[in-house]
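Here's a friendly walk through one protein model, told as questions and answers. Have a look at it first, then read on.

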Amino acid sequence: MTLTPDRRQLPRGSGVRTRAALLVAAASALLSSASAAQRPIMDEGALDLLLPTGARAVALGQATMAVAGTTESVWWNPSGLARMRGTSAAIHHSQSGGGTADAVAVVAHSRVLGSFGVSASLRDFGSSTNADEGGTEGGTILPRSLIYAATYAASLERLNLGLSYKLVQWRIDCSGPCTGETGLMASTSALDAGAQVSLDPALPVTVGASVRNVGLKLQVNDEPQSDELPSRLQAGLELRVPGLDELVGGAELRVSADMVSALRRMDPSPRVGAEIGWQRKIHVRGGYASGGPSLGVGYEAGSLAIDFARLFDEVSSLTGSEPTYLSVRYRF
């Protein structure tokens, strides 16, 4: 089963864009159904928006709605950025059946104004060969998606609120002797909004929810062929399990559980995760979403934090790929 158009030959001319788009869309649909642990609606476009970003989030089974914020919150629940301190920068890298993805984020916090973040993500779906009708090879076609995000979050007592604006682009670029149309293929805009509420001191629980990818249709060729964005509603909680520090000095345990569903069709899917930390330096994480289990580890040394995760989903078992995620964060 070929999920990305790697080393495939595509004909010259304007059909390159359409054919490549269909290949990428098919790959994204298959990958999103497993990697994002939810079933996509068939008339949705830009399904790569459902693919996860960030090693910590992946390791926690993508149960992230009430988790204390890092730069990963840009892609999950923007309200998680509200109580970050100082300025943080991060790089999130992943390799999976959905291609190779790299995301960068910078978030700055002000006690008076709140938190501001800018982010960008590039996903490379794999190269294709441009060829004419006689089979003569030409240039290399590069289907890619880009997401640019601007985020604002603020806190009020125990309430966090956040909003992200995203510019989504699909590109078909070509290097070498290429013919036909290349460059920007399609673009649209989307909004993410989220909230978190702490129940302390009554309960060691935080509740969170977000609505993601709400925006204009993605139009590839013309209006009748445009597709809805994969809008999702996700809500859940995080429990900070008390008493572990008394048994093992410096240890803490957090358990999170979420439900996620398409906005246009209620089809809830569960996600669960757990994280054991020791002296806020070493972290061991595990989780489960409907696509399969995940595991991860993290290490913090002063201002530097490194997280790694491995996803054991349905697509990886079919293709033999090993989805891996690496995040490097630094706080200034």
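## A tour in questions

Asp-48 sits in the loop between helix 1 (15-35) and helix 2 (55-59), where helices (H or I, at least four residues) and strands (E, at least two) are DSSP runs numbered from the N terminus. This is a predicted model, in which local features need pLDDT of at least 70 and side-chain atom pairs count only at pLDDT 80 or more, while totals for chains, interfaces and linings use all residues. Residues are numbered from 1 along each chain as its sequence is written, and side-chain values use heavy atoms, with hydrogens and water left out.

Q: Which side chain of opposite charge is nearest to Asp-48?
A: Asp-48 is buried, buried meaning under 20% relative accessible area, exposed over 50% and partly exposed in between (1.4 Å probe, protein chains only). Asp-48 has no salt bridge, a salt bridge being a side-chain nitrogen of Lys or Arg within 4 Å of a carboxyl oxygen of Asp or Glu. Lys and Arg count as positive and Asp and Glu as negative, with His and the chain ends not counted. On that basis the nearest opposite charge, 5.1 Å away, is Arg-123.

Q: What side chain does Asp-48 join in a polar contact?
A: A polar contact is a pair of N or O atoms within 3.5 Å; within protein, one must be able to donate a hydrogen and the other to accept it, and residues adjacent in sequence count only if both atoms are side-chain atoms. At 3.1 Å, the side chain that Asp-48 meets this way belongs to Trp-170.

Q: How many salt bridges does a search of the whole structure find?
A: Side chains of opposite charge can pair when their charged atoms come close. Searching the whole structure for such bridges gives a total of 10.

Q: How far apart in sequence are the parts tied together by Lys-166 and Asp-192?
A: These two form a salt bridge, with their closest N and O atoms 3.1 Å apart. Lys-166 belongs to strand 7 (residues 159-175) and Asp-192 to strand 8 (residues 183-198), so the parts they tie together are separated in sequence by 26 residues.

Q: Is Asp-200 buried or partly exposed?
A: Asp-200 makes a salt bridge with Arg-240, closest N and O atoms 2.9 Å apart. Arg-240 has a relative accessible area of 18%, so Arg-240 is buried. Asp-200 has 31%, so Asp-200 is partly exposed.

Q: Which residues share one salt-bridge network with Asp-307 and Arg-329?
A: The side chains of Asp-307 and Arg-329 meet in a salt bridge of 2.8 Å, N to O. Both residues are buried. Through shared partners, the network also takes in Arg-56, Glu-275 and Arg-285.

Q: What separates the C-alpha atoms of Gly-139 and Cys-174?
A: Gly-139 lies in strand 6, and its relative accessible area is 3%, so Gly-139 is buried. Gly-139 and Cys-174 are 35 residues apart along the chain, while their C-alpha atoms are separated by 6.3 Å.
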